[in-house]
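Have the model open beside you as you read.

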Amino acid sequence: MAVREAEVVARNPDIVGENPLWNPDDRRLYWTDNRSQRVHRLDPATGAVETAVEGQSFYAFTLQADGALLLFMDRTRVGAARAGGPVRLVIDGLPGEREARFNDVVADRSGRVVAGVIPPEGGTGSLYSVRPDGSAAVLASGLEMPNGMAFSSDDRSLYVAETRGRRVSLFDYDLDSGTVSNRRVFIDLSGEEGGSPDGITLDADGCLWVALAGGWSVVRYGPSGAEMARVEFPARKITSIGFGDGDLSTAYVTSSSRQSTPGEEIGPEGGALFAFRPGVAGVPEHRSNVSTEGGLPIR
C-alpha cells in the first residue's frame with residue numbers, strides 16, 4: 001500500500017503521549033500526556049494545540065455519548081470533564097484496585113468501557129468492564145501489562161496488546177453480556193527484535209495497526225496476523241495510533257520522550273505527535289455512556 005511519509009504535527013514534547021482520539025463534534029484530535037497531567041487538543045486546520053483538561057494523571061479516556069471526556073486515572077479513579085472545565089470524580093477507585101492504575105481503554109457499542117488495570121510494581125494486570133451504571137467487573141486477569149485495545153467491526157472480537165509479554169492477544173467478546181472468552185495469541189513478537197506492542201487500532205479493511213514502543217515504527221497486520229506495512233518515525237518510543245480528520249483518512253501517532261534509563265536513546269523527535277496518510281481509512285470509535293451524575297470536582 002502507498003503510505004505518505006510521516007510528518008511532525010506537534011512538538012510539545014510529550015513525556016508519555018497516548019490515546020489519540022478524534023472528536024467529530026469539534027473536529028479536533030485529543031490525546032493525553034499522562035506525566036504532564038494534560039489532555040491536549042489539536043485543530044488540524046490551523047495546527048494550533050491547546051490544553052483541553054489538566055490537573056490529574058490521565059492515562060486514557062473515551063468520548064462520552066454527551067460529548068464529555070471520560071477520564072481514566074491513577075488509583076483506578078474515573079473522572080469526567082468537558083474541554084476547559086473541571087474534572088469531576090465519578091468513580092472513586094475500583095474495589096481491591098486502589099493501589100493500581102488504569103492504562104488503556106476502549107468503549108464498545110453498548111457504551112461500556114473495557115479498561116486495562118496494572119499494579120504499581122511488577123506483576124500482571126487485568127481487564128475490567130466499566131458498565132453504564134458505573135459498576136465494574138473483572139473480565140480477565142494475568143495479562144502482561146494490558147495496553148492498547150481495539151474491537152473488530154462487529155464487536156465480537158477484542159484485541160489487547162500485552163506490552164511486557166510482547167504480544168497482541170485476541171478474545172471472543174460477548175456484546176450482550178460484555179464478557180470475554182477464548183484468549184489466544186494473535187501476534188507474537190517475543191522472539192523478535194524491534195519493540196513491544198503499545199497502542200493499537202483497526203482500519204476499515206479489518207487490519208490492525210500496532211505502535212511499537214522501542215521499535216521506531218507502527219506496523220499494519222492483516223487478519224491472519226501477517227505484517228503488511230511498516231511506517232518508521234524519528235522517535236524510538238512510539239506509543240499509540242488513532243485515525244482522525246473528517247473522513248478518518250489520517251493516522252495520528254503519539255510518542256514518548258521519557259528515558260527509562262539514563263542516556264537511553266529516544267530519537268530526535270521523541271515526544272512529538274506525528275501524522276501520515278496510510279491510504280486506508282479508520283473506523284469511528286464507539287462512545288462510552290457511563291453515568292457521571294453526582295460527580296464532584298476534584299480539588
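Arginine 77 counts as buried, because its relative accessibility is 7% and the cut-off for buried is under 20%. This residue also has a charged partner: arginine 77 makes a salt bridge with aspartate 74, and the closest N and O atoms sit 2.5 Å apart. Keep in mind that you're looking at a predicted model.

**Salt bridges**

- The count for this model comes to 19 salt bridges.
- Side chains of opposite charge can pair when their charged atoms come close.
- Arginine 112 pairs up with aspartate 108 in another salt bridge, with 2.7 Å between the closest N and O atoms.
- Both ends of that pair are tucked away: arginine 112 counts as buried at 11% relative accessibility, and aspartate 108 is buried with a relative accessible area of 1%.
- Then look at arginine 220 and aspartate 203, whose side chains meet in a salt bridge at 2.8 Å, N to O.
- Arginine 220 and aspartate 203 are both buried.

**Aromatic pairs**

- Searching the whole structure turns up six aromatic pairs.
- In one of them, the rings of tryptophan 209 and phenylalanine 276 have centres 5.8 Å apart and planes at 55 degrees, so this pair is tilted.
- Here too, distant parts of the chain are linked: tryptophan 209 is in strand 19 and phenylalanine 276 is in strand 24 (residues 272-276), 67 residues apart.

- Four strands make an open sheet in the order 10-11-12-13, and their pairing is antiparallel.
- Strand 10 (101-107) and strand 13 (136-143) are at the edges; each has a single partner strand, so one side of each is left without a neighbour in the sheet.
- On average, neighbouring strands of this sheet are turned by 25 degrees against each other, direction ignored.
- Strands of a sheet pair through backbone hydrogen bonds, either parallel or antiparallel.
- Between strand 10 and strand 11 (residues 113-118), the antiparallel pairing runs over five bridges.
- If you want a landmark there, arginine 101 stands opposite isoleucine 118 in strand 11.

- Where is proline 13? Proline 13 is in the loop between strand 1 (7-11) and strand 2 (17-23).
- The peptide bond leading from asparagine 12 into proline 13 is cis, with omega near -20 degrees.
- Arginine 27 has a positive phi, near 55 degrees, despite being a residue other than glycine.
- Arginine 27 lies in the loop between strand 2 and strand 3 (28-33).
- Aspartate 245, likewise a residue other than glycine, has a positive phi near 75 degrees.
- Aspartate 245 is found in the loop between strand 22 (238-244) and strand 23 (250-255).
- With 17% relative accessibility, aspartate 245 counts as buried, since the cut-off is under 20%.

Methods
Residues numbered from 1 in each chain as written. Predicted model: local features only at pLDDT ≥ 70, side-chain atom pairs only at ≥ 80, totals over all residues. Heavy atoms only, no water. Pairing = 2+ DSSP bridges. Helix = DSSP H or I, 4+ residues; strand = E, 2+ residues; numbered from the N terminus. Axes fitted to C-alpha atoms, helices over the stretch in contact; angles between N-to-C directions. Buried < 20%, exposed > 50% of the residue type's maximum accessible area, 1.4 Å probe, protein only. Salt bridge = Lys/Arg side-chain N within 4 Å of Asp/Glu carboxyl O. Phe/Tyr/Trp six-rings, centres within 6.5 Å; stacked < 30°, edge-to-face > 60°.
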